[in-house]
Amino acid sequence: MSALSATPIDDLPVLSVRGLTKLYGTRVGCRDVDIELWPGEVLGVVGESGSGKTTLLDCLSARLTPSAGTIHYQRRDGRVVELFELSEPARRTLLRTEWGVVRQNPRDGLRLDVSAGANVGERLMAIGARHYGDIRREAVSWLGKVEIDGDRVDDRPTAFSGGMQQRLQIARNLVTNPRLVFMDEPTGGLDVSVQARLLDLIRGLVANLGLSAIIVTHDLAVARLLAHRLMVMRGGVVVETGLTDQVLDDPQHAYTQLLVSSILQV
Amino acid sequence: MTDPETLVLRVSQLAKSFVLHNQGGVILPVFRDLDLDVAAGECVVLDGASGVGKSTLLRAIHGNYKTAAGQILLRHRGSMVDVAAAEPRRILELRRWTLGYVSQFLRVIPRIAAIDIVAEPMQLRGLDAATSLRRAADLLARLNLPERLWRLPPATFSGGEQQRINLARGFAVEYPMMLLDEPTAALDGANRAAVVDLIEETRARGAAILGIFHDRETREKVATRLFTMEGRLAA
């Protein structure tokens, strides 16, 4: 502890990751990753393809089992749990009630055979909502927040554009009021004008709901807009972390300098 | 030495250089052994030739640039915090409550209206939407930004219009310490005068100001003291 702790700010991190490692045989997915994520904080994980950022996100969101390391999470009730010490059902409950995971391809995060309203509503039912009228009202309200017209509530996501599908996936994840959201390239594969609208939306939602988020992206402009803090990965290892504008404006590591200097100016 | 009661910023033995790893590790030194105090109610203007590191110093104080050695002590809620050693979330807290910064250029965000850009620092402090928008409107009016532009995203605005939005945003909350990097460069005489008034008011309420003003007339009006930076260090 340094003298800087004179005024205490938030007591405990929401998520505390130590020595997280994922090996595929002898190949390194990610190695020795440490993260502390604080309430209301958005952490951007940047790096090129193969840098290990998606492996890391998959381990954090319990889609993959890490080879080593610990992931401690502070629940809404204040209790701190270790993700992989929980039983499978307990981990599923946690994911459903306190976490959201927005996948890069909305088709992986949506149910394509049911309506938009059902995609949002079934998440509410999974946490115990039973009144049909309330669920539908809440679903329509969330479609509005992600700028989808209420009259599309009965349409299936297959009838939506890519940008609309991604907004629907976000509504499906945020309707349960999660404390922690993971996003994997949330604007990847979308047209630039659609990206801008989505970024604006994510930025507003994250700020207004006060949630903590980890956003994986290879797009440094997206990272600058959304993240408070950045973690730069290469070859499965974290090479630099820091305040977002500091990492982008005064990068310290050779790889970060290369990434930043490789962006085309418009 | 500045009276410790009124001291807001103390830069001591500060050194900054850039290491360009992809250009053979060449080192660009900017300054070293830099000492500077700024007290409440002062407006210290950085002086020195272009390339001497004036903007770099402001960026280091803002936590935007890392430094190689030294301290940047900033009074925050009664105690001195070292920006040079602070963790990111501490720097964000300083920026929210203590440290304002007006850069030369507005960073435009797609789809966000001018008035919302100005209101954002107030809303980050928890001020309600109506009050913050009212204050944002007052500032934009003071800086003579035509009202028809307030609800538009400023991407297509002129340099001077964008700079006034940046200024309104910077002066929207009462920071105890303000960093101003050529905030009047793109402005005409009437708008410069409006900025001079804002700076005078800010100083009068007891804030400390550190700035760069290339325009001599503005500099003479706002500066309570000049701080001359020496030429670029030899490698």
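Modeller: The model here is predicted.

Colleague: How many bridges join β3 to β9 in chain B?

Modeller: Four bridges link strand β3(B), residues 43-47, to β9(B), and the two run parallel. As one residue pair, B:V45 has B:L226 in β9(B) as its bridge partner.

Colleague: How should I read a phi value?

Modeller: Most residues other than glycine have a negative phi, and most peptide bonds are trans. Two residues here are worth checking against that. A:E185 has a positive phi, near 45°, and B:R77 has one near 50°. Neither is a glycine.

Colleague: Where is A:E185 found, and where does B:R77 lie?

Modeller: A:E185 is in the loop between β7 (180-184) and α7 (192-209) of chain A. B:R77 is in the loop between β4 (69-76) and β5 (79-82) of chain B.

Colleague: Is A:E185 buried or exposed, and is B:R77 buried or exposed?

Modeller: The count of C-beta neighbours within 10 Å decides, with 20 or more for buried and 12 or fewer for exposed. A:E185 has 20, so it counts as buried. B:R77 has 12 and is therefore exposed.

Colleague: How many residues does the contact take from chain B and from chain A?

Modeller: The size of an interface is often given as the accessible area lost when the parts come together. Here we have residue counts: 22 from chain B and 24 from chain A. On the side of chain B that touches chain A, β5 and α2 (88-97) of chain B each supply at least two residues. The largest share, six residues, comes from α2(B). By class, that side of chain B has 10 nonpolar, five polar and seven charged residues.

Colleague: What do the buried residues of α2(B) pack against?

Modeller: An α-helix has 3.6 residues a turn, so residues three or four places apart point the same way. In α2(B), the buried residues are B:P88, B:R90, B:I91, B:L92, B:L94 and B:R95. They pack against β9 (229-234) and β10 (237-243) of chain A, together with β4, β5 and β6 of chain B.

Colleague: What is the radius of gyration of chain A?

Modeller: Chain A has 19 Å, which agrees with the value near 18 Å that a compact globule of 266 residues would have. Its C-alpha atoms fill a box of roughly 55 × 45 × 45 Å along the principal axes. Buried residues make up 47% of chain A.

Colleague: What pLDDT does chain A average?

Modeller: The average is 90, and 95% of the residues in chain A score at least 70. Over residues 1-9 of chain A, however, the pLDDT is below 50. Where pLDDT is low, the predicted coordinates should not be read in detail.

Technical notes:
Residues are numbered from 1 along each chain as its sequence is written. Chains are lettered from A and ligands numbered from 1 in the order in which they are written. This is a predicted model: local features need pLDDT of at least 70, side-chain atom pairs count only at pLDDT 80 or more; totals for chains, interfaces and linings use all residues. Two strands pair if DSSP finds at least two bridges between them. pLDDT is the predictor's confidence in each residue, from 0 to 100. Two residues are in contact if their C-beta atoms, placed from the backbone, lie within 7 Å. Ala, Val, Leu, Ile, Met, Phe, Trp, Tyr, Cys and Pro count as nonpolar, Asp, Glu, Lys and Arg as charged, and the others, Gly among them, as polar. The radius of gyration is taken over C-alpha atoms; the globule rule is 2.2 Å times the number of residues to the power 0.38.
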